[in-house]
Amino acid sequence: MKGRNGGKHVTTGYVILETGEIFPGTLIGNRKNQTGEIVFNTSMTGYQEIITDPSYAGQIIVFSYPLIGNYGMNHLFTESDKPHVRGIVTGEICGSPSHYQLAESATTLLEKYGIPCLTDVDTRALVKTIRKKGTVKAIISDRSDVKPVSSDEKQLVKQVTTKELLFYDNEGPHVVLVDFGYKKSILAYLQQIGCKVTVVPFDYPFEKIRSLNPDGIVLSNGPGNPIDLADHLDKIHMLTQCYPTLGICLGHQLIALAYGAKTEKLPFGHRGANHPVKDLRTGKVFITSQNHGYVVIDGTMNENEFTVTFQHVNDRTIEGFTHKTLPIQTVQFHPEAHPGPQDTEYIFHNFIESIHKIGEMKYAVK
Ligand SMILES: NC(=O)CC[C@H](N)C(=O)O
């Protein structure tokens, strides 16, 4: 046991679902009780990006792939400065990883941040239960007689957003990235295609954003229920009326809500690196990276204003839309991937094109 878990403290542990099911396993680390929304991710690799993606704040992730941690953690693939998950559940976790860029093992990183890892779990049975019962709360504990504690999860975005403005200079258009819990690879893509980027907190006022003189706006991914951000919808509406805008995941949901559409919780979410999505304009199917529990309800978008551009092939849910006259485009999936296929990185190029078009129009008017 010692070798397998990298010499970490281990004890018998459990994950106990709100719906009553109990799954035993081996608890690694000293953190004894953690409650969160239990979700599963089907990616075969990319656990480092997943663990550090702020969209997972407040959630316990079950990895359906049987072995996690074999290449450890490095300094290259983090999506933020620290892990945001409440806990992880695996079939097997590798305590003695091997990789030429290895910095530390997954269990060492999690332990450092007080995040429990329950391993040796029958994750297949657990995932099947979540699929049947829907996304529920669960607790990871060293005892089998406890229940998930109730907690207010409405402040998740506030916990993960930047506290100060972040500036990244570049030659190209100036994009303000509104940070609801952005993944670093969104910033990296914008930089890669030449954008100057300013990251602002999610509650940064409209007038202040305007004074930054942006050419375009990106509304980022982030944790929690989009409706908890209802107070920010007027600002989002105003931003999209004034600037070319790209909404990614939570950003997509918020733009939909700002224009009067409704969102709902999926039975067990889309979390993985092989979700097929159809671009309804071309009929082409792309394999996408996804991580969301909510969707925009079909038929609630104003059809005179918006066109649905992307649809999930499996359950036909909405995966993106564009405005009919304004340069607004949104995607429910993750064009920046990390982890997962980069087939849809053209979304970033489309966004930059829309910024250039507006620039040309302004120039023509002058
Ligand atoms: N990745 C995200 O932005 C997730 C959006 C939202 N929190 C959801 O679960 O649907």
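**Backbone geometry and the ligand shell**

Mentor: Asp120 is placed in the loop that runs between strand 8 (117–119) and helix 3 (123–133), where helices (H or I, at least four residues) and strands (E, at least two) are DSSP runs numbered from the N terminus. Residues are numbered from 1 along each chain as its sequence is written. This is a predicted model, in which local features need pLDDT of at least 70 and side-chain atom pairs count only at pLDDT 80 or more, while totals for chains, interfaces and linings use all residues.

Although Asp120 is not a glycine, its phi is positive, at about 60°. Asp120 is also buried, with 21 other C-beta atoms within 10 Å; a residue is called buried if 20 or more other C-beta atoms, placed from the backbone, lie within 10 Å of its own, exposed if 12 or fewer do, and partly exposed in between. Most residues other than glycine have a negative phi, and most peptide bonds are trans. Ala337, which is not a glycine either, has a positive phi of about 55°, and Ala337 is found in the loop between strand 19 and helix 9. With 21 other C-beta atoms within 10 Å, Ala337 is buried. Pro339 lies in the loop between strand 19 (328–331) and helix 9 (346–365), and the peptide bond leading from His338 to Pro339 is cis, with omega near 5°.

Turning to the ligand, the residues that surround it are Ser55, Asn221, Gly222, Pro223, Gly224, Cys249, Leu250, Asn291, His292, Gly293 and Tyr294, where a residue is near a molecule or strand if its C-beta atom, placed from the backbone, lies within 6 Å of it. Which strand gives the most to this shell? It is strand 16 (residues 284–296), which gives four residues. By class, the shell has four nonpolar, seven polar and no charged residues; here Ala, Val, Leu, Ile, Met, Phe, Trp, Tyr, Cys and Pro count as nonpolar, Asp, Glu, Lys and Arg as charged, and the others, Gly among them, as polar.

The unreviewed UniProt entry carries the annotation "binding site" at Ser55, Gly222, Gly224, Leu250, Gln253, Asn291, Gly293 and Tyr294. These residues span 240 positions in sequence, yet no two of their C-alpha atoms are more than 13.3 Å apart, so they gather at one spot. UniProt positions are given in the numbering used here, with feature names shortened, and such annotations may be inferred rather than shown by experiment.

Gly224 is in the loop between strand 13 (216–219) and helix 7 (233–242), and counts as buried with 25 C-beta neighbours inside 10 Å. Leaving aside neighbours within four places in sequence, Gly224 is in contact with Gly58, Glu153, Leu156 and Val157, contact meaning that the C-beta atoms of two residues, placed from the backbone, lie within 7 Å. Gln253 belongs to helix 8 (residues 250–258) and is buried as well, having 28 C-beta neighbours inside 10 Å. With neighbours within four places in sequence again set aside, the contacts of Gln253 are Pro226, Thr263, Tyr294 and Val296.

Helix 8 is followed by Gly260, whose phi is positive, near 90°.

How do helix 7 and helix 8 meet, and at what angle do they cross? Their axes come within 9 Å and cross at roughly 95°, the axes being lines fitted to C-alpha atoms, for helices over the stretch in contact, and the angles running from 0 to 180 degrees between N-to-C directions. Helix 7 and helix 8 are therefore roughly perpendicular to each other, given that angles under 35 degrees count as roughly parallel, over 145 as roughly antiparallel, 65 to 115 as roughly perpendicular and the rest as oblique. The contact is made by Leu233, Ile236, His237 and Thr240 from helix 7 and by Leu254, Ile255, Leu257 and Ala258 from helix 8, and by class it has six nonpolar, two polar and no charged residues.

Gly320 is in strand 18 (residues 318–323) and is buried, with 26 C-beta neighbours inside 10 Å.
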